[in-house]
Amino acid sequence: MYDYDLLVVGSANADLVMDVERRPAAGETVLGGDLAVHPGGKGANQAVAAARLGARTALLARVGDDGHGRLLLDSLRAAGVDTAGVLVGGAPTGVALITVDPSGDNSIVVSPGANSRLAASDVQEAERLLRASRVVSAQLEIPLETVVEAVRNLPPGGRFVLNPSPPRPLPSEVLAACDPLIVNEHEARVLLGDARTSGDPEDWARLLLAEGPRSVVVTLGAEGALVCDGSGVTRVPSVRVDAVDTTGAGDAFTAALAWRLGSGAALAEAAAYAARVGAAAVTRRGAQESYPTAEEVGAP
């Protein structure tokens, strides 16, 4: 019935990455290492991560008619992503400026570029892609109205997965479609407010579920993740590894989770597999080039 296991509706950026001993304070200049340019963006990252795992994957996105756009298209195709939905032109390719400290933590500033031109009308014109996809995944590096349009065009029986990053208030129509809503600690705090996230993360998951999603996943870094649906809250343990670079690890987690859910896995089972994929990703430099194959992760 479905041509694709996963359709990602989202961003595609060139990641400009530099190692730093520490991130600069306001008004401060620090010296960094050599600049490296990698294909990235939450949408493209998710698509590549899923394709590497063996999912039949397509991407609906927009890039510029420039060198960064060609870099992204080459990376997507090399991973096996169907790029028929990747539109070209309208603005320069989006760029993410990333600094990585010695612990592997990163700070990111994004210039949306062509991502901000991915319009609701583009979703309407890509109706065939949506109707052919078992799971649709999105993020918020594209206009919110584009995400809303994706929800409105979900295929009958299709599943919608959202990582609201960068976080912002979500309309009830989008929240009601999320199965799951995937947030990290920062995103949970923005969506719920600091006053409501002062206690146990299990409470955050329950509070988020009460906002309307069908299910919720809260990722907690080295502490693992929490999954929450109508049956309650379940903790998913982390996988202990020596982190080298956390860039894009959350995207790998989301992609793996979405693919496994579309394959019929239960939420906790899919999250446990996604944790293994995310852990493998942080042991290597970069985003897309760090993503493991199914063989490297092992059996689901």
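1. Helix α7 passes helix α8 in a left-handed crossing, a crossing being left-handed if the near helix is turned anticlockwise from the far one by less than a right angle, and right-handed if clockwise. Helices (H or I, at least four residues) and strands (E, at least two) are DSSP runs numbered from the N terminus. The model is predicted: local features need pLDDT of at least 70, side-chain atom pairs count only at pLDDT 80 or more, and totals for chains, interfaces and linings use all residues. Residues are numbered from 1 along each chain as its sequence is written, and side-chain values use heavy atoms, with hydrogens and water left out.

2. Helices α7 (residues 185-192) and α8 (residues 201-210) pack at an angle of about 50 degrees, and their axes lie 11 Å apart. Axes are lines fitted to C-alpha atoms, for helices over the stretch in contact, and angles run from 0 to 180 degrees between N-to-C directions. The two helices are therefore oblique to each other; angles under 35 degrees count as roughly parallel, over 145 as roughly antiparallel, 65 to 115 as roughly perpendicular and the rest as oblique. From α7, Glu185, Ala188, Arg189, Leu191 and Leu192 make the contact, and from α8, Trp204, Leu207 and Leu208; contact means heavy atoms within 4.5 Å. These residues divide into six nonpolar, no polar and two charged, where Ala, Val, Leu, Ile, Met, Phe, Trp, Tyr, Cys and Pro count as nonpolar, Asp, Glu, Lys and Arg as charged, and the others, Gly among them, as polar.

3. Helices α1 and α2 pack at about 20 degrees, with axes 8 Å apart. That makes α1 roughly parallel to α2. The crossing of α1 past α2 is left-handed. Ala44, Ala47, Val48, Ala51 and Arg52 of α1 meet Leu72, Ser75, Leu76 and Ala79 of α2; by class, the residues of this contact are seven nonpolar, one polar and one charged.

4. For α9 and α10, the packing angle is about 145 degrees and the axes are 8 Å apart. Their crossing is right-handed. Residues of α9 in this contact include Phe253, Leu257 and Trp259, while those of α10 include Leu267, Tyr273 and Val277. The contact comprises 15 nonpolar, one polar and two charged residues.

5. The largest nonpolar core has 47 residues, and Leu59, Leu76, Val81, Val217, Phe253 and Leu257 have the most contacts inside it. Such a core is a set of buried Ala, Val, Leu, Ile, Met, Phe, Trp, Tyr and Cys residues joined through side-chain atoms within 4.5 Å. Among the elements supplying at least two residues each are β1 (4-9), β4 (57-63) and β12 (225-229). A second, separate core of 41 residues includes Ala138, Leu175, Ala188 and Val218.

6. Threonine 254 lies in helix α9. Threonine 254 is buried, with a relative accessible area of 1%; buried means under 20% relative accessible area, exposed over 50%, and partly exposed in between (1.4 Å probe, protein chains only). Leaving out residues up to four places away in sequence, Threonine 254 touches Gln46, Ser137, Val161, Asn163 and Ile182.

7. Seven of the nine residues of helix α5 (residues 144-152) are buried, so α5 is largely enclosed by the rest of the structure. Glu149 and Thr146 are among the buried residues. The buried residues of α5 pack against α3 (120-125), α4 (127-131), β8 (133-139), β9 (159-163) and α6 (172-177).

8. Cysteine 178 is placed in strand β10 (residues 178-183) and counts as buried at 0% relative accessibility. Apart from neighbours within four places in sequence, cysteine 178 is in contact with Phe160, Leu162, Pro213, Arg214 and Ser215.
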